[in-house]
Amino acid sequence: MPAYDDDNIFARILRGEIPCFKVYEDDRTFAFLDIMPRSKGHMLVIPKVKATGLTDIGADDLSYLMGVVQKLAPKLTDALGADGFMIQQFNGEAAGQTVFHLHFHIIPRWADVPLKP
Ligand code: 5GP
C-alpha cells in the first residue's frame, strides 16, 4: 500500500476543499454520496483518521467506523425503499482501490434494478 497522501481526494473533502453531498458527520467519521453512483444512494463512509486502507487503521477506530456503517446502511436502505444493500471495500490498486483513504461503499440494491458498472 502507498504511504498516506494528505492531498488525496477524500482528505481534501474532509478539509472542505472539495464540495460533496454530506449525509452524516460526527467527530470520527464522515459520510457522503459517491460522485459516480453504482445505484441510487451510493454512499461512502470514511474515518477522519489518516488511513490508506483496512490494514493501517487502529482497531478502535475501525470498530467505531463499522458501527457507523452498520447504523447508516439500514437507514439509507429504508429511506430509499431499497430491498437490501451491498458493502464494498477495496485495498490496493490491483483490487480496484482508486482513492487511498480508507472508505466503505454502501450501495443500496433493488431486486429488479441491475448494478451500474
Ligand atoms: P474505490 O474504487 O477507491 O473503492 O472508490 C472510490 C470512489 O470514490 C469511487 O466510487 C468514485 O466514484 C468516488 N469518488 C472519486 N472522486 C470523488 C469525488 O471527488 N467526490 C465524491 N463524492 N466521490 C468521489
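Begin by selecting the five strands of the open sheet, which follow the order β1-β2-β3-β5-β4 with antiparallel pairing; strands here are DSSP runs of E with at least two residues, helices are runs of H or I with at least four, and both are numbered from the N terminus, while two strands pair if DSSP finds at least two bridges between them. Colour β1 and β4 (84-88) next, since these stand at the edges with a single partner strand each, so one side of each is left without a neighbour in the sheet. From one strand to the next the twist averages 20°, where axes are lines fitted to C-alpha atoms and angles run from 0 to 180 degrees between N-to-C directions.

Before going further, note what is on the screen. This is a predicted model, in which local features need pLDDT of at least 70 and side-chain atom pairs count only at pLDDT 80 or more, whereas totals for chains, interfaces and linings use all residues. Residues are numbered from 1 along each chain as its sequence is written. The protein averages a pLDDT of 97, with 100% of the residues scoring at least 70, pLDDT being the predictor's confidence in each residue, from 0 to 100. For the complex, the predictor gives an ipTM of 0.99 and a pTM of 0.98.

Now select residues 22-25 and 29-33, which are β1 and β2, paired in the antiparallel sense over three bridges. A hairpin of three residues joins β1 to β2, and Tyr 24 has Ala 31 in β2 as its bridge partner.

His 103 counts as buried because it has 23 C-beta neighbours inside 10 Å, the cut-offs being 20 or more other C-beta atoms within 10 Å for buried, 12 or fewer for exposed and partly exposed in between, with C-beta atoms placed from the backbone.

Finally, show the ligand and the 13 residues around it, of which Ile 35, Met 36, Phe 90, Gln 97 and Thr 98 come nearest; a residue is near if its C-beta atom, placed from the backbone, lies within 6 Å. This shell divides into nine nonpolar, three polar and one charged, where Ala, Val, Leu, Ile, Met, Phe, Trp, Tyr, Cys and Pro count as nonpolar, Asp, Glu, Lys and Arg as charged, and the others, Gly among them, as polar.
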